[in-house]
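This report describes selected features of one protein model. The sequence and the structure are shown first, and the description follows.

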Amino acid sequence: MVAESTASPREQAAASFDALYADLHPIGRDPATGGYHRFVYADEELTLREWFTGEARARGLDVHEDRGGNIWAWWGDPADGDAVGTGSHLDSVPQGGPYDGPLGVVSALGAVDLLRSRGVQPRRPLGLVAFADEEGGRFGVACSGSRILTGALSRERALGLTDEDGVSYGEALRRTGRDPESIGRDDEVLGALGTFVELHVEQGRGLIEHDAPLGLYTMIRPHGRYRFDLLGRADHAGATRIQDRDDPMLTQAELVLAARRAAERHGAVATVGRVLVEPNGINAIPSRVRAWLDTRADEEATVRAIVAEVRDAIGVEPFEEMWTARVDLDLDLMERLDGVLGGIPRLPSGAGHDAGIMATAGVPTAMILVRNPTGVSHSPDEHAERDDCVEGVVRLADVLEDLLR
Ligand code: GLV
Ligand code: MN
Ligand code: MN
């Protein structure tokens, strides 16, 4: 929606923001908890894709899906090159919050409304993007859409990934009418981009401490996801003597404690947030436990050291399902944004982002973050105040106006 031109920029941004979020709010929401379930290519995420496409078309933008399954809405012709990209993702973790991802997409659409009402005529093409699968909640590899787009995730590896129900990435594409064979690095889109800016809700407490509504990310911490397959022998929970058991749940317990100790020793973080137990019966000793370790630190060597320490503690070799190198965001672009935004706080990001994948692919990239007063994310408690979100829309429009000159 484009608000009346007599309204102030904040009023216009607020009107766009409210209208866009009102439509988004119910999609994939668990009424019992307020959390969101929006896995890539599942019904909820497909509805969100339709929503984004509809909003973009209503603004006269040219909508196109790239070979990674990411949706781009173009103002201007990307073939002209040196385009500015902005946006974020619409998928969520299980029981995710309302802002992680959608805030950047809503803000991009709201910023276009504002630029239009200011009469801005872009000298560079502008591409609004809704990335597929930033969280990797369904198939395990975060940012699979941007990784496929940039070639960081090969078609062969992507198509072989499976979800918890055994549905492959390829099958999920097929079921939604996409051709699995057509996915892969997309040089047309990648080559068109000269700059990328992602706006995202903060996922920690940095801006609370700075008492500031907006900030800039300087870097994205390196991040690994590892699967441990812990094998034992299924048996009876009542009849099997303790000394006769081969129980992989004991190794699982050691894994969790070893990860915590290693993370504390290194001043880093490690999480075991997903465990699958087979056969998962109260009165059966498990035959297999699969556990996923997510660990991150400032330096890549620290992440590697933590994984090695956990491996040595339990004597089981992990399988690396995902590796994301450290990303230092573009300093020149950061300075340029700072010139527009006026000296806002700079912070590192503990969370991963598609912006990091774009930066690694060589696109000069920056990130704007919006204060989260709970400091909580990947949870229904994630929050952002409307005033801060509106400030984000206005300031993103300011940044885009400067970049599009
Ligand atoms: C995504 O938010 C991640 O950092 O896991
Ligand atoms: Mn996110
Ligand atoms: Mn997230």
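The buried residues of helix α10 pack against β7 (223-231), α9 (248-266), β11 (288-296) and β12 (319-324), where contact means heavy atoms within 4.5 Å. Helices (H or I, at least four residues) and strands (E, at least two) are DSSP runs, numbered from the N terminus. The model is predicted: local features need pLDDT of at least 70, and side-chain atom pairs count only at pLDDT 80 or more, while totals for chains, interfaces and linings use all residues. Residues are numbered from 1 along each chain as its sequence is written, chains are lettered from A and ligands numbered from 1 in the order in which they are written, and side-chain values use heavy atoms, with hydrogens and water left out.

Which residues of α10 are buried? They are T302, V303, I306, V307, V310 and I314; buried means under 20% relative accessible area, exposed over 50%, and partly exposed in between (1.4 Å probe, protein chains only). Seen down the axis of α10, these buried residues fall within an arc of 135°, so they line one face of the helix. The arc is that of the directions from the helix axis to the C-beta atoms. An α-helix has 3.6 residues a turn, so residues three or four places apart point the same way. On the other side of α10, A301 and D312 are exposed. The helix is followed by G315, whose phi is positive, near 70°.

A second topic is the metal site. The manganese ion (ligand 2) has H89 (NE2), D100 (OD) and H200 (NE2) as its protein donors, at 2.1 to 2.2 Å. Donors are N, O and S atoms within 2.8 Å of the metal (3.2 Å for Na, K and Ca); water is not among the atoms, so sites may look incomplete. D100 also coordinates the manganese ion (ligand 3), which is 3.6 Å from the manganese ion (ligand 2). D100 lies in the loop between β3 (83-89) and α3 (102-117) and H200 in strand β5 (residues 193-201), so the pair ties together parts that are 100 residues apart in sequence. Both D100 and H200 are buried.

Ligand 1 is surrounded by E134, E135, R225, R296, A351, G352 and H378, each with a heavy atom within 4 Å of the ligand.

| Residue | Distance |
|---|---|
| E135 | 3.1 Å |
| R296 | 2.6 Å |
| H378 | 3.1 Å |

How values were computed. Polar contact = N/O pair within 3.5 Å; in protein donor to acceptor, adjacent residues only side chain to side chain.
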